[in-house]
Amino acid sequence: MTSVWSTSNNHPNPQLTSNECSRALATFLRTEPLISVATEASSHPSGVVSLYAQPYVYSGGGLGNINECHAQSLQVCLAGGTTRDSITFASVCIPPECTALDLASRDFCASLKLVSEGVDNPYASEYLLLHERIAEINKFLDTGWTCGEYKVPWNAWLSGVYGLVVLLMVVAALIGTCVVPMRQRKVQEQRELQLVAHQEEQDNYHQEEKKEQSTPQPSTILPPSQHTSSLWNAWNVRQHLNALCKHRPDTAALDGLRFGSILWVIFGHVLAIESSSGGGYNNAADFLPPNGFTTTWLGQLLFASRFAVDTFLLISGYLVVHVLVKITSRVTSVWKKYCATLPGLVV
C-alpha cells in the first residue's frame, strides 16, 4: 500500500499521529532485532544534517539498505521525493502501520520520543535522532513523505510534448544529414553537366567563327544557383562531426586533454548523484568507506573530478592567448593591438 503526503499537492497538514502507529512504534522500539536492523537500514543522521550546507546539491546520507528493511517485514518511507521537482534526501525503515500522514504529523517526533521512554537501546536513540533531523530538513525544504511503493504519476501531455520535440529533432537531423546533401549532390551534377555542355558550345562557336568569320553571340547556359538553407545545414550531423574531429595543428595538443576532462566531469557527476541519492546502491556500506567503492583508486579518481574544472580553465586561458597572438600579429599599430587585446584581457 502506498501513502503520500506532500506540500506540493496542498495536502492538509496532519496534526496527530494515529493510535495504530503509536502502538506499533512502542512494540517496534522494544524489539531489539527490529530496531537495530531498521536503524542500520535507514539513512545516517550525520549525512542528513549536511543538507543545511547544500540543501539542493547534496542529498544526505544515502537511502540505506532497502532490501534489509523489506526482509524484516518493515516498509521504507522516502523523505522529500514526492514530486519530479523535489529531491529524495533520506529514507527510514518503519512499521507498516505508520503511513506518510503519520510521519508528516506535527507530533510524530514527540510521540516517538514518548514511546521510547524506558528503552535502554543506543539504536533507539539514533533512530529518534534521525527522525528529528529529517523533520527539520523536511520543514526547511517544504517537502513531504512517500511510504510503500514509490510511483511518479504519468503525465501524458508533458510526455507527448517532449516526445514530439525529440521526434522533430530526429527528423530535422535526418533531413539535414541525408536528404539535403543528396539534393546538393544532384544539383552539383546537373551544374557540372551544364558547364560541360556550355564549354562544348563555346568550342563549336570558336570553330565556326574561324570558318565563317562572323560574330554571332553564342547562347550562354548559366549554372543554376544553389539555394541551400542554412537552417538544414545546422542539422547536418556529419558536417558537425567532421568539424569537431577536424585536425588543427596549432591546438592538436589540447584535443586529448579536452576529451579526458569531459569524460572526467561526466563520470564524476554520475558518481556524485549515486553517492548522494543512493541510486544504484541499496547498501551504503558497498559505496562508502571503509570498504566501499569510494576507497578504491578508481573511486578516488572519479571523486576528484572537480579538478577537471582547472583543466578547462587552463585550456581556455591558452586559447584566449592563442587567438590574441593571431590577431595582434596582423596588426601593425600599437593602438590597434591594444584595442584588439583589451576585450580578451578584460574577460
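Is Cys 109 buried or exposed? I looked up its relative accessibility, which is 18%, and Cys 109 therefore counts as buried. The model I consulted is predicted.

**Entry 1**

I next looked up Cys 178, which has a relative accessibility of 37% and so counts as partly exposed. The cut-off that matters here is 20%, under which a residue is called buried.

**Entry 1: disulfides**

I searched the whole structure for disulfides and found three. Numbering the bonded cysteines in sequence order, I recorded the pairing as 1-5, 2-4, 3-6.

**Entry 2: Cys 21 and Cys 98**

I noted a disulfide between Cys 21 and Cys 98, with 2.0 Å between the sulfur atoms. I located Cys 21 in helix 1 and Cys 98 in the loop between strand 3 (90–94) and helix 5 (100–104), so the pair ties together parts that are 77 residues apart in sequence. Cys 21 and Cys 98 are both buried.

**Entry 3: Cys 69 and Cys 93**

I then examined the disulfide that joins Cys 69 to Cys 93, where the S to S distance is 1.9 Å. I read 100° about the S-S bond and a right-handed link for Cys 69 and Cys 93. Cys 69 belongs to helix 4 (residues 66–71) and Cys 93 to strand 3, so this pair ties together parts that are 24 residues apart in sequence. I recorded Cys 69 and Cys 93 as buried.

**Entry 4: Cys 77 and Cys 147**

I found a disulfide between Cys 77 and Cys 147, whose sulfur atoms are 2.1 Å apart. The link of Cys 77 and Cys 147 is right-handed, with 115° about the S-S bond. The pair links distant parts of the chain, as I placed Cys 77 in strand 2 (residues 75–79) and Cys 147 in strand 4 (residues 145–147), 70 residues apart. I recorded Cys 77 and Cys 147 as buried.

I looked up Phe 28 and found a relative accessible area of 3%, so Phe 28 is buried. Tyr 127 has 1% relative accessibility and therefore counts as buried.

Technical notes:
Residues are numbered from 1 along each chain as its sequence is written. This is a predicted model: local features need pLDDT of at least 70, side-chain atom pairs count only at pLDDT 80 or more; totals for chains, interfaces and linings use all residues. Side-chain values use heavy atoms; hydrogens and water are left out. Buried means under 20% relative accessible area, exposed over 50%, partly exposed in between (1.4 Å probe, protein chains only). A disulfide is a pair of cysteine sulfur atoms within 2.5 Å. Helices (H or I, at least four residues) and strands (E, at least two) are DSSP runs, numbered from the N terminus.
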